[in-house]
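Dear colleague,

I am passing on the structure below, together with some notes for a reader who has not seen it before. Please have it open while you read.

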Amino acid sequence: MNRLIFIPIRNTNNTACAIRVSALGAAMITSLMCLQLAFSTATFAANDTSTKKSFELQAGYKQEIQKIKSDEKVSKALAYVATVVERAERELIEITEIPAPPFKETARAQRFAEMLREAGLTDVVIDEAGNVVGRRAGTLGKRTVAYSGHLDTVFPEGTDVTVKYRDGKMYAPGIGDNARGLIAVLDVLRGIQHAKIKTEADILIIGNVGEEGLGDLRGVKHLFREGASKIDSLIAIDGGNAQRIVYGGVGSHRYKVTFKGPGGHSWGHFGLPNPHHALGRAINNFAKTAPQVLSSGSKTSYSVGRIGGGTSINSIAFESWMEVDMRSGDQTKLDEIDKVFQAAVQQALDQENKAKLGGDDLTVDIERVGKRPAAQGNKNAALVQRAIAATLAMGVEPSLAIASTDANLPISIGIPAVTMSRGGISGRAHALDEWWQDENAYVSVQIGILTLLAEAGLAD
Ligand SMILES: [Zn+2]
C-alpha cells in the first residue's frame with residue numbers, strides 16, 4: 001500500500017514537503033521519528049534562501065539605468081507591458097494547464113516556442129536537451145545575453161493542473177513556479193518587440209528544461225556545456241518576490257541510498273539483517289552527527305526527503321531506500337556534510353550486520369542523483385548591480401539572496417548570472433494548492449526589461 005503523508009514544515013515560503021511511505025513498518029516509524037528529531041534539533045529556517053538586506057549600488061550603474069529608462073522607445077516598452085495584463089492572465093492559464101512533469105516538458109516547450117514565434121522571433125529552436133531557444137539578433141552580435149524561465153514543474157504526470165479562481169487568487173500546481181516565470185519572459189520580449197528596441201548584444205529568450213529536483217539543472221548544464229555556442233551572461237526568471245535578486249547559488253548534493261538483503265519471513269527468518277532497520281539506523285546516525293557541521297560557517301541544510309521499500313508487514317524487507325538532500329552556499333560545508341552523511345550510512349551498515357543472528361550481510365548502494373555546485377556570488381558584479389539599479393528604478397527596494405536556481409551553474413563557472421522575479425504574489429510553491437495573484441506583476445516585467453537592456457546594451 002502506498003500512502004502519501006504530508007508533513008507540514010513551516011517555512012518562509014509556506015511550502016510543504018511530502019513523504020511517500022510504502023509498507024509503513026516499525027522501522028519506518030523509527031525513521032520518521034528520527035527525521036522529526038533531526039528537524040527539531042537542527043537550527044534552520046527550512047527554506048533554501050538566506051536574505052541579506054545590505055547592498056551598495058555604484059553610481060555608474062544607477063546612471064546607466066536612468067539613461068535607459070528615459071529613452072523614448074524604452075518608455076514605450078515599459079508602458080506597453082502594463083497594458084497587456086489580461087492577455088498575460090489568459091496565457092498563464094494556457095501554459096499552466098499544459099502539464100510539464102520532470103523530464104516531460106515537451107508539450108509545454110512546443111507551445112512556448114510557438115508563443116516566441118507569435119511574438120516575432122524567427123529563429124526559434126528546441127535543442128537536444130529540450131530547451132526552447134529563441135535568438136533576437138543584436139546590432140553588434142559580439143556578446144550573447146540569455147533571458148530564461150524554466151519549463152518544468154515538480155508535479156508528476158496525472159496531476160490536475162486546471163486553474164481555479166478562489167478569493168481573488170489563481171490556484172493550480174505550478175502556476176507560480178514557473179508558468180508565470182515563462183509569461184514574464186514572454187512579456188519582456190513582447191515589450192522590446194513592440195517598441196522596436198535594438199540591442200548591441202544578441203539576446204537568447206529561453207524556456208529551459210530540468211530546473212526542479214532530479215532534473216538537476218540539466219537544461220542550463222546543456223546550454224553552458226563545453227563546446228556550446230557562447231553565452232556571456234544569464235538572467236533567469238524564477239521566484240515570486242519582486243524585490244528578490246538571487247546573486248549566488250546554494251549548492252546541493254543528493255543521493256538515493258538503498259540497503260539490500262536476503263529478506264524473508266518476519267517470524268520464520270527472524271534474525272536476518274533487516275534493511276529497514278539499517279535505514280532507520282542510518283537516519284538516526286546522520287541526525288545525530290549532522291548538527292556539528294551546522295555549528296559554524298555558512299548555513300547548511302540536510303533532509304531525508306523520501307523513504308520506501310518493503311514487501312508486507314510480516315516480511316523482512318529485501319530492500320529499503322531513502323532520498324537525501326544536502327545544501328549549502330559554501331562548497332566546503334557541502335563537502336563536509338556529505339562526508340558526515342557517508343559515514344553515517346557506512347556505520348549503519350556495520351551496526352545492522354553486527355546485530356544480525358544469521359544469514360548473509362546487507363549491502364548498501366549509495367547512488368548520486370543530483371549535484372548542483374555551490375556558487376559564490378558577487379554583489380558588485382556588473383549584472384547584479386544592473387539588477388539592483390533596475391529594481392530601484394521601478395520603486396522597489398531590492399533584497400539580495402542566495403538560493404538554488406538555474407543561475408548556480410553559470411555563476412559556478414565564472415559566468416555572470418542572476419535570478420529575478422516573475423512578478424505578482426504567490427504561495428505554496430511545490431504544493432498542490434499553489435496559488436498566484438496578479439499584484440502589479442507587470443512591475444517585475446518592467447524591471448526585467450531594464451536589466452536585460454542594460455546587460456545587452458541599448459543600441460542607437
Ligand atoms: Zn522554479
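This is a predicted model: local features need pLDDT of at least 70, side-chain atom pairs count only at pLDDT 80 or more; totals for chains, interfaces and linings use all residues.

Let me begin with helix H2 (residues 59-70), whose 12 residues reach 17 Å from the first C-alpha to the last, close to the 16 Å expected at 1.5 Å a residue. Tyr61, Glu64, Ile65 and Ile68 are buried in H2, and because these buried residues fall within an arc of 90° when seen down the helix axis, they line one face of H2. The buried residues of H2 pack against helix H3 (72-81), helix H11 (382-393) and helix H13 (442-456), whereas the face turned away from them carries the exposed residues Ala59, Gln63, Gln66, Lys67 and Ser70.

Helix H8 (residues 275-289) has 13 of its 15 residues buried, so it is largely enclosed by the rest of the structure.

The sheet is open and has four strands in the order S7-S8-S21-S20, with antiparallel pairing. Strand S7 (164-166) and strand S20 (425-427) stand at its edges with a single partner strand each, so one side of each is left without a neighbour in the sheet. Strand S8 (residues 169-171) is joined by two bridges to strand S21 (residues 435-437), and Tyr171 has Trp435 in S21 as its bridge partner. Helix H6 (residues 175-194) packs on this sheet, where it touches S8, S20 and S21, and its direction makes about 45° with that of S21.

With best wishes

Notes
Residues are numbered from 1 along each chain as its sequence is written. A residue is buried if 20 or more other C-beta atoms lie within 10 Å of its own, exposed if 12 or fewer, and partly exposed in between; C-beta atoms are placed from the backbone. Two strands pair if DSSP finds at least two bridges between them. Two residues are in contact if their C-beta atoms, placed from the backbone, lie within 7 Å. Axes are lines fitted to C-alpha atoms, for helices over the stretch in contact, and angles run from 0 to 180 degrees between N-to-C directions. The expected span of a helix is 1.5 Å times one less than its number of residues. The arc is that of the directions from the helix axis to the C-beta atoms.
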